[in-house]
Amino acid sequence: MKKISILGSTGSIGTQTLDIVSQYPEQFQVIGLATGNNVELLAQQIRTFRPQIVAICNESHLSTLKTLIADIDYSPIILTGDEGIIEVARYGDSQSVVTGIVGCAGLLPTIAAIEAGKDIALANKETLIAGGPVVLPLVEKHQVKLLPADSEHSAIFQCLEGVRDGGLRRIILTASGGSFRDLPTEKLASVTVQDALKHPNWSMGRKITIDSATLMNKGLEVIEAHYLFGMDYEAIDIVIHPQSIIHSLIELQDTSVLAQLGWPDMRLPLLYALSWPERIYTDWERLDLVKAGSLTFSEPDHQKYPCMQLAYAAGREGGAMPAVLNAANEQAVALFLEEQIGFLDIPKLIEKVCDRFTSQNTTTPTLEDILEADGWARKEVLNMKEQLKKDPKFVAIR
């Protein structure tokens, strides 16, 4: 039985991981749970999975949580705040930590888990995007496993099983195209938050669904693939695949191409990250290629989706620039979700913030450098938002 802790237990990744635990109670035991605000769902999870330790980031919900679980017959450790989540990440004898916290907020808990010797089921791509130069040396130092738990990088990881060193030539990330893949570019200026949240294939959290609509998620995945698999950016491509049946591909040195296929279901990469190197039998719906029908592919439209090129540029720049890109995107997406800016303002703000960033430490940033860059970028977006209100042309895309 593998003992696991889950960061972001009430979100999309967390609830699907707990679905797996419910289906395979003989395979997995929950040691710790951490979440942000959803106190009612956390209370239900405590009753069902009986973790040893829990944390809720928003301290104002503590009394409500204690009331909701007052009648249970055991007493889990209950912590609050960012430090509480970090403690859950490194607590006890859990062997693997699922990092389902959205955004750069997952970086410090992930580092804490690595330093405590926990394997990481990485569903929080921002950990590597912002903190790759710090995280990867820690993974090597503490001899832990960093296993991708999102569909694209899990697909690459699975395809690479058995491929010898030097055999990989190119990575091909597939993208659904997001909510607006069939919408003409000229109509993007008037789309609403609700329009952007209607993903055609996947059920995900609000932030990542917006990232999918801008295709920033795919740009961020390019940076993550660079860190996970050691490939140059010139050898990482994106292709639009609306059906989301092929989750990504690799090209080998002899031009052979391997792909991993399956229905759009986040439980598959999560299960593999938790059970690797084993394969656990499931009774989930099996892929029927006849039912899936035609699989189509097209080149991404960089004019329609400038965020992809911004991500490539930040990745090539290196240092703390990916952290700036990520933080600017998180803040801009938050503003869009609050209906304070328009959809097309997201890439405009990101580009302007990246253009303004300067750092002396461009090769090996420290954790302090990364956190400083992250905080600076968020403030810059908020400052620029005010200027954008006064002059919409202020951050026009070049």
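This is a predicted model: local features need pLDDT of at least 70, side-chain atom pairs count only at pLDDT 80 or more; totals for chains, interfaces and linings use all residues.
Colleague: Which residues of helix α13 are buried?
Modeller: Helix α13 covers residues 307-317, and with the cut-off of under 20% relative accessible area a set of its residues can be named. The buried residues of α13 are C307, M308, L310, A311, Y312, A314 and G315.

Colleague: How far apart do the C-alpha centres of domain 1 and domain 2 lie?
Modeller: The domain assignment of the protein chain gives domain 1 as 2-148 and domain 2 as 317-389. Eleven residues of domain 1 are in contact with twelve residues of domain 2, while the C-alpha centres of the two domains lie apart by 27 Å.

Colleague: How many salt bridges does the rule find across the interface of domain 1 and domain 2?
Modeller: Domain 1 and domain 2 bury about 830 Å² between them, with 74% of that area on carbon and sulfur atoms. Across this interface the rule finds zero residue pairs in polar contact, where both residues must be at pLDDT 80 or more. For salt bridges across the interface of domain 1 and domain 2, the number found is likewise zero.

Colleague: Which element gives the largest share of the side of domain 1 that touches domain 2?
Modeller: On that side of domain 1, the elements giving two or more residues are α5 (107-115) and α6 (126-142). The residues there divide into eight nonpolar, two polar and one charged. The largest share, six residues, comes from α6.

Colleague: How many residues apart are E221 and K125, which form a salt bridge?
Modeller: A search of the whole structure finds 19 salt bridges, and in one of them E221 pairs with K125, the closest N and O atoms being 3.9 Å apart. E221 lies in helix α10 and K125 in the loop between β6 (119-122) and α6, so that distant parts of the chain are linked across a separation of 96 residues.

Colleague: Why do E221 and K125 count as buried, and what are their relative accessibilities?
Modeller: The cut-off is under 20% relative accessible area. E221 counts as buried because its relative accessibility is 2%, and K125 is buried because its relative accessible area is 7%.

Colleague: Which helices does the salt bridge of E126 with K207 tie together?
Modeller: The closest N and O atoms of E126 and K207 are 3.0 Å apart.

Colleague: At what N to O distance does K207 meet D211?
Modeller: D211 and K207 both lie in helix α9, four residues apart, about one turn of the helix. D211 is buried at 2% relative accessibility, and K207 is buried as well, with a relative accessible area of 12%. Their side chains meet in a salt bridge with an N to O distance of 2.6 Å.

Technical notes. Residues are numbered from 1 along each chain as its sequence is written. Side-chain values use heavy atoms; hydrogens and water are left out. Domain bounds come from an automatic or database domain assignment. Contact means heavy atoms within 4.5 Å. Buried area is the accessible area (1.4 Å probe) that two parts lose on being put together, summed over both. A salt bridge is a side-chain nitrogen of Lys or Arg within 4 Å of a carboxyl oxygen of Asp or Glu. A polar contact is a pair of N or O atoms within 3.5 Å; within protein, one must be able to donate a hydrogen and the other to accept it, and residues adjacent in sequence count only if both atoms are side-chain atoms. Ala, Val, Leu, Ile, Met, Phe, Trp, Tyr, Cys and Pro count as nonpolar, Asp, Glu, Lys and Arg as charged, and the others, Gly among them, as polar. Buried means under 20% relative accessible area, exposed over 50%, partly exposed in between (1.4 Å probe, protein chains only).
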